[in-house]
Amino acid sequence: MRVLIVGSLGGQLHTATKIAIDRGASVAQVDTIQQATSHLRAGRGADLIMVDLSLDVQALIAANEAERIIVPVVVCGVNVRPEAAAAAIRAGAKEFIPLPPDADLIAAILEAISDDERPMIARDPSMQTVITLADRIAGSDASVLITGESGSGKEVMARHVHAKSKRAGAPFISVNCAAIPENLLESELFGHEKGAFTGAIARRIGKFEEADGGTLLLDEISEMDTRLQAKLLRAIQEREIDRVGGTKPVKVNIRILATSNRDLRKAVAEGTFREDLLFRLNVVNLALPPLRERPADILALSEHFIRKYATANQVEPLPLSEASKAHLVAREWTGNVRELENAMHRAVLLATGREISPDAIRMPDGSVFSGSGNTAVRQASDAANAAQRVMVGMTVAEVEQDLILDTLDHCLGNRTHAANILGISIRTLRNKLKLYSEQGVTVPQPNQPAMGVSVA
């Protein structure tokens with residue numbers, strides 16, 4: 001997490017900075033409000049701003065809003081009058097931290113802002129299959145389209161791919177295309193030059209440049225306007241962007257990941273998404289199954305969230321009763337992992353006794369979950385177990401052969417694309433295909449996918 005400290009590092013603010021660093025944050029520091037705005041304009045980035053309340057906090061927030069910079073602000077100070085802290089909150093600050101700082105309070109704020117406690121938890125065979133593919137292609141620079149229902153864990157998967165990639169030490173920048181108004185998204189992505197539009201009082205570096213050397217996640221890309229899709233396509237193809245109001249292109253070195261909870265092939269047919277952009281993004285498709293089709297993940301995720309929110313609320317983590325486990329697995333979870341997380345947070349707060357009983361697993365309004373039976377879960381579990389059993393008894397060479405040929409089918413027989421996805425050299429791929437042919441195995445030729453293989 002990137003923290004920008006605004007104010008002199010003398011005294012208690014220095015202690016707060018040291019606590020943030022000890023908690024894993026990457027910290028930058030400037031002395032003035034003007035320097036803070038310049039730091040953010042220049043694309044150095046921040047996930048959280050901690051500012052001394054003796055400075056003009058309202059001016060900083062107003063400057064950020066004018067520059068279309070969205071970063072949460074936390075104020076801190078020594079012996080601060082309550083009305084001063086309240087005024088900062090009214091101006092837009094998210095929180096006030098009294099100094100001398102409390103280490104646990106700073107840690108809690110960092111966790112709330114970053115929400116990095118989202119490890120990849122997968123016990124179900126259907127999800128493990130997706131992770132195996134993700135790990136295999138993570139080391140390449142291939143664009144990846146991550147699809148799945150809302151709340152199924154698409155951003156967690158994107159962070160997993162980045163963490164496993166050769167760009168792991170570089171920035172991971174996420175842009176929610178659905179949350180930013182259409183008229184602001186272009187500037188957010190590509191930046192702008194001074195005078196490009198009303199309010200553009202200085203050059204602003206966009207997310208493409210901020211992510212240079214690392215990974216850019218375009219979250220819910222299906223919500224992007226078709227006009228902007230054309231500019232995005234050019235940026236991906238040419239590896240260069242044009243700032244709004246700019247006169248010359250800027251080279252960028254990034255890997256693109258994108259997510260969507262919509263069927264983009266249907267969006268292409270409806271004319272709301274460019275087909276050429278879909279092909280450019282969909283070099284590899286990581287399709288996340290909904291939680292109802294991952295029964296083995298439900299309990300593993302539940303136990304993780306219980307530990308997380310028991311720690312956050314400083315209570316003892318309680319085990320799930322057997323009745324609660326059956327109750328959780330039987331539910332549809334239409335809101336997927338996000339709904340399950342909220343349910344476990346409430347259960348931690350409502351549980352009594354020595355375990356979490358079904359009575360503690362409630363809806364947001366306090367009503368008891370219906371716990372409706374889910375035959376789809378059973379069917380998905382049986383299918384996943386059957387798929388796992390098919391692999392049992394196969395040699396590593398046989399599994400590798402199936403993976404290589406399936407990937408080649410997906411790429412319409414294109415050797416270069418397949419090698420890129422598999423993370424091997426084109427020479428290694430050709431040698432393996434030559435061996436398969438000599439063994440009498442049918443190898444797909446370019447533009448000749450196997451029957452029944454999806455190539456979208």
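User: What is pLDDT, and what is the mean pLDDT of the chain?

Analyst: Good place to start! pLDDT is the predictor's confidence in each residue, from 0 to 100. The model here is a predicted one. In this chain, 91% of the residues reach 70 or more, and the mean pLDDT is 84.

User: How are helix H2 and helix H3 oriented: roughly parallel, roughly antiparallel, roughly perpendicular or oblique?

Analyst: Let's look at the axes. Helix H2 (residues 33–41) and helix H3 (residues 57–66) have axes 10 Å apart and pack at an angle of about 25°. Angles under 35 degrees count as roughly parallel, so H2 and H3 are roughly parallel.

User: Is the crossing of H2 and H3 left-handed or right-handed, and which residues of H3 make the contact?

Analyst: The crossing is right-handed. On the H2 side, the contact is made by Ile33, Ala36, Thr37 and Leu40. By class, the contact has six nonpolar, two polar and no charged residues. The residues of H3 in the contact are Ala59, Leu60, Ala63 and Asn64.

User: Is the aromatic pair of phenylalanine 190 and phenylalanine 208 stacked or edge-to-face?

Analyst: One aromatic pair turns up in a search of the whole structure. Phenylalanine 190 lies in helix H8 (residues 182–190) and phenylalanine 208 in helix H9 (residues 207–210), 18 residues apart. Their ring centres are 5.1 Å apart. The planes are at 20°, and planes under 30 degrees apart count as stacked, so the pair is stacked.

User: H8 also meets helix H10; how many charged residues are in that contact?

Analyst: The axes of H8 and H10 (residues 226–238) come within 10 Å and cross at roughly 10°, which makes these helices roughly parallel. Leu185, Glu186, Leu189 and Phe190 of H8 meet Arg227, Leu228, Lys231, Leu232 and Ala235 of H10. By class, six residues of the contact are nonpolar, none is polar, and the number of charged residues is three.

Methods. Residues numbered from 1 in each chain as written. Predicted model: local features only at pLDDT ≥ 70, side-chain atom pairs only at ≥ 80, totals over all residues. Heavy atoms only, no water. Axes fitted to C-alpha atoms, helices over the stretch in contact; angles between N-to-C directions. Helix = DSSP H or I, 4+ residues; strand = E, 2+ residues; numbered from the N terminus. Parallel < 35°, antiparallel > 145°, perpendicular 65-115°, else oblique. Left-handed = near helix turned anticlockwise from the far one by under 90°. Contact = heavy atoms within 4.5 Å. Nonpolar A, V, L, I, M, F, W, Y, C, P; charged D, E, K, R; others polar. Phe/Tyr/Trp six-rings, centres within 6.5 Å; stacked < 30°, edge-to-face > 60°.
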